[in-house]
Amino acid sequence: EFVNLTENIRACVHCSAHLPLGPRPVFQANPRAKILIVGQAPSTAVHATGIPFNDPSGERLRHWLGINRDTFYNEELVAIIPMGFCYPGRGKGGDLPPRPECAELWRATLLAHLADIELTIAIGRYAIDWHLKPKSSTTLQEIVADWEQYLPTFITLPHPSPRNTIWLKKNPWVEEKIIPALRSRVAEILGS
């Protein structure tokens, strides 16, 4: 059943008309995974390789998690399920939002197979909104600043994109407080 589901997701062409580079669902999932990483949608680099977070954002994210590429890409440890599985295209301020059809079609069914998840890392507003349903009037900065209330099963993060470097410099508490707690929790779960 799980294998059929993932094959169906990888073959999905539902949003073809809206995807400038065409459909290429990119995700990593296994029912044994302990950590779930929820991003927005693949970048052009990720679309090109078909490997999630295979870009500068992924380098920063792995650094934040305190794990190497082998651990990160071990699907029996880490599931990577973005809000949109395909590259959505460019907008004025960067990539467009993830296509909403993706979560509607696949998300709940896929997550239902991941019963061993001990920590969900929600990156960015779309991931946080879907998983934690904060008040819409709450800013991303306020949600991330209130990260401790979601532990030990959730942690909220800003996007690790290089585009966020200035924001991260203005908010040093992310790397001073959240990242050490994140690394500690990841190490505890992975037994390293």
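The lining of the second largest pocket divides into 5 nonpolar, 5 polar and 1 charged residue. In this classification, Ala, Val, Leu, Ile, Met, Phe, Trp, Tyr, Cys and Pro count as nonpolar, Asp, Glu, Lys and Arg as charged, and the others, Gly among them, as polar. The model is predicted: local features need pLDDT of at least 70, side-chain atom pairs count only at pLDDT 80 or more, and totals for chains, interfaces and linings use all residues. Residues are numbered from 1 along each chain as its sequence is written, and side-chain values use heavy atoms, with hydrogens and water left out.

**Second largest pocket**

- The second largest pocket has a volume of about 180 Å³, a volume being the space filled by probe spheres set on grid points that are joined across faces, edges and corners.
- On a 1 Å grid over the protein atoms alone, a pocket is an open set of points with protein on both sides within 12 Å along at least five of seven lines, a cavity is a set where a 1.4 Å probe fits but cannot get out, and lining residues have an atom within 4 Å of a point.
- Among the residues that line the second largest pocket are Gln40, Arg125, Tyr126, His159 and Trp167.
- Helix H6 (124-132) and helix H7 (140-145) each supply at least two residues of this lining, and the largest share, 3 residues, comes from H6.
- Helices (H or I, at least four residues) and strands (E, at least two) are DSSP runs, numbered from the N terminus.

**Largest pocket**

- The largest pocket holds about 690 Å³ of space.
- Its lining consists of 30 residues, and Gln40, Ala41, Asp95, His159 and Ser161 are the closest to the pocket centre.
- H3, strand S3 (90-91) and strand S4 (94-95) are the elements that give two or more residues to this lining.
- By class, the lining of the largest pocket has 15 nonpolar, 10 polar and 5 charged residues.

**Cavity**

- The structure holds 1 cavity of 30 Å³ or more, and the volume of the largest cavity is about 130 Å³.
- Of the 17 residues that line the largest cavity, Cys12, Cys15, Leu19, Cys86 and Cys102 lie nearest its centre.
- Helix H5 (residues 100-112) gives the largest share of this lining, 4 residues.
- The cavity lining has 12 nonpolar, 3 polar and 2 charged residues.

**Helix H3**

- In helix H3 (residues 56-65), the residues Ser57, Gly58, Leu61, Arg62, Trp64 and Leu65 are buried (under 20% relative accessible area, with exposed over 50% and partly exposed in between, for a 1.4 Å probe and protein chains only).
- Seen down the axis of H3, these buried residues fall within an arc of 155 degrees, so they line one face of the helix; the arc is that of the directions from the helix axis to the C-beta atoms.
- Glu59 and His63, on the other side of H3, are exposed.
- Just after H3, Gly66 takes a positive phi of about 75 degrees.

- Arg10 is found in helix H1 (residues 2-10) and counts as partly exposed because its relative accessibility is 44%.
- Leaving aside neighbours within four places in sequence, Arg10 is in contact (heavy atoms within 4.5 Å) with Pro25 and Phe27.
- Asn30 is found in the loop between H1 and S1 and counts as buried because its relative accessibility is 9%.
- Not counting residues up to four places away in sequence, Asn30 touches Phe2, Glu75, Glu76 and Leu114.
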